Structure formats: C-alpha cells, structure tokens
Amino acid sequence: MGSPSFFSRRLPPLWLLLLSPWPVWTQALPAATPSGPPGAPDCPEACVCAPGGQANCSGRALPAVPGGLRKSVRILLLDHNRVRALPPGAFVGAGALLRLDLHENGLRWVHAWAFWGLGALQQLDLSANQLEVLVPGTFVPLRALRDLSLAGNRLARLEPAALGALPLLRALNLRDNELPALARGLLAGLPALDTLRLRGNPWACGCALRPLCAWLRRHPSSAPEAETLLCVSPGRLTFSPLAALPDAAFSRCAQPLALRDLAVVYALGPASFLASLATCLGLGSLLTACRARRHRAAAAARHPLKRLPEPGSGTASPADPGSPAAGTAQA
Ligand SMILES: *[C@@H]1O[C@H](CO)[C@@H](O)[C@H](O)[C@H]1NC(C)=O
C-alpha cells in the first residue's frame, strides 16, 4: 500500500468534512493527521495505531466499532466511547485480535454473534457498561479466551449457555453486578478458572447458591475475595460469610431426584395423561348426549303446536259455532 492512497484515505476533502452528517468524522479529526506510523496503513479511521498492532481508539466518543479492522490489529482499545450495541460480526476482519477493551461504553446489548471470528482473543474487557443480559452463545467463539471482565454491569443472571465452555479461561471478573447466585453448570464449563472475582453482588443464600458455595469450598485459592463475600438474604443469614456456609446449610434444599422418585414421575406422567384423556372423552360424550336430548325435547315441543287446531283435540273457542260455549252466548 503506497503512502498517497494512505493519506488520501486519512484526509477526506474539505467539502466532505463540512457536509458530513456523521459525528464520527469530527471525532476522528484530531487523530487523523498524525495517525499511526507509515508502517501501519491498516489502522482504522479514528484510531491511532502503534507498532505491534495496537489500535488506540479510546475516548473518541465513537458510536460504533470502527470499520476497516484488519488482521494486523492485535490490540483494540475501544474504552470510553459510546458503543451502545455490538451487532453480529462487529469485529469481523480482526481475526488476529488478542485483546479487546470495551470498558465504559454504556454498552447495553451484545448480539449472540457479535464476537464471531475472534478465535484468537485472549483478553476481553466489558466492564463498567450497562449489560443486563447476555444471550446464549455470546462467548462461544472465544475458544482462546483467558481473561474476561464483566465487572460493573447490571447482570442479574448469567446463564451457563452465555459463557459456554471456555477451556482456557483463567480469570473471570463478575464484581459489582446484581447476581443473587451463579447458575449450576456455569463454573463447570470453566476448567482452567483460577481467579474468580465476585465482590459487590447481592448474594441470596438460598438453595440456588449451593453450586457456588460448593465450588468455593473445592477451590479455596481461586476466589481471593471469598472471605469477604456476605449473604444479603434471607433474613436469618444476612451478613453470613458465603465461605462459612457449611453444606448442611443446604440440607433442606431438594436433592437431585432419586431413582424411586424418577420411577414415580415416569409412572405418574402417562397415568395422568390417560386419566385426563378419559375425563375429556367422558365429558365430551356427556355433552353430546345432553345436546341430543335437548334436540329431541325441542322437536317434541314443536309437533304438538302443529296439531293444536285439529277438531276435538284442543279447548273450544268462543268463535267455534258447534261448541257449548257458543251456544250459551247465542242463548
Ligand atoms: C490511547 O489514546 C489516549 C488518547 O488519545 C491516551 O490518553 C492513552 O494513553 C492511549 N493509550 C495507550 C495505551 O496508548
């Protein structure tokens, strides 16, 4: 790539700048002239690139992930921008990315395919955003991920399917969210995890917390803050340290179903199905019978009406000349 095309791409004509409706251009301006060294022609607009593949796009009020990401970008600093949403394939083209920093963007929504193609990514920082939910499959493409921060969001739930299996993940930061518990199976998909940060969540020390407590007991050195974690509910356990809850505290929680219970469930299922089927059939035939009887009664009521005027069958009317009543009237 020659430098003339490089500079013409960096510096759009003046009329374009004046007419451009996009704030991106104006935000890109300060960085545009002295942008990365000539050795980094693949630097995205609006960013400053350094040798070694670092694209510094931080603090530029960018409303979206900059376009033109190339394989030469190894580190993408996008922190302190205004990227509120990550669409599908947001980083497509940046397949060699190792580190992605998106902290403090007001990020609310991450599409399930947003991280598609980032199979080499090792470090992802999504902290200090507004995430409330992460859909299943979100982190599935990140097979090489070692360090994930979701700290300082609004997550009240984190499904195991959102994280998926991250075989190399060593550090997971979930500080300062709204998590009352961690779902069963979430930590099971993270076999390499050795640093789990959990402070600043409203832990509800009920049955749903059992998997996390069990994990903390089994990995005493992996959650450096475990001693400082306190239950915020239920009432009798408020301020109890999570790490001190013995397994006996969960003794009243339902155990996984025993074989006998399963047998009952399997027997009850078809039986109740057959019973409801029989009930429906019974009710249906009762209804049909009732309706048929009503029809018959209605038909029977209609026929006597037709026969009413036949002589001798009904009561005599005063207009009938042959009737005794007519005779007395004439007399
Ligand atoms: C990135 O750029 C910002 C401002 O342009 C600067 O303050 C910051 O130090 C840079 N970061 C790195 C890691 O070079």
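**Ligand site and chain**

Reader: How far from an oxygen atom of the ligand does a polar side-chain atom of Arg-60 lie?

Author: The model is predicted, with local features needing pLDDT of at least 70 and side-chain atom pairs pLDDT 80 or more, while totals for chains, interfaces and linings use all residues. Residues are numbered from 1 along each chain as its sequence is written, and side-chain values use heavy atoms, with hydrogens and water left out. A polar contact is a pair of N or O atoms within 3.5 Å; within protein, one must be able to donate a hydrogen and the other to accept it, and residues adjacent in sequence count only if both atoms are side-chain atoms. For Arg-60, the distance from a polar side-chain atom to a ligand oxygen is 2.8 Å.

Reader: What is the corresponding distance for Asn-56?

Author: Gln-54 also has a polar side-chain atom facing a ligand oxygen, at 3.5 Å. For Asn-56 the distance to an oxygen atom of the ligand is 2.3 Å.

Reader: What percentage of the ligand's accessible area does the protein cover?

Author: Accessible areas come from the Shrake-Rupley method with a 1.4 Å probe; for residues, only the protein chains shown count as cover. On its own the ligand has 360 Å² of accessible area.

Reader: Which residues surround the ligand?

Author: A residue is near a molecule or strand if one of its heavy atoms lies within 4 Å of it. By class, the shell has 1 nonpolar, 3 polar and 1 charged residues (Ala, Val, Leu, Ile, Met, Phe, Trp, Tyr, Cys and Pro count as nonpolar, Asp, Glu, Lys and Arg as charged, and the others, Gly among them, as polar). The surrounding residues are Gln-54, Asn-56, Ser-58, Arg-60 and Leu-77.

Reader: Is Leu-77 buried or exposed?

Author: Leu-77 lies in strand 3, residues 75-77; helices (H or I, at least four residues) and strands (E, at least two) are DSSP runs, numbered from the N terminus. Buried means under 20% relative accessible area, exposed over 50%, partly exposed in between (1.4 Å probe, protein chains only). Because its relative accessibility is 11%, Leu-77 counts as buried.

Reader: How many Å separate the C-alpha atoms of Leu-77 and Leu-102?

Author: These two residues are 25 apart along the chain. Their C-alpha atoms are separated by 7.0 Å.

Reader: What share of the residues in the chain is buried?

Author: The chain contains 7 helices and 10 strands. Of its 331 residues, the buried share is 34%.
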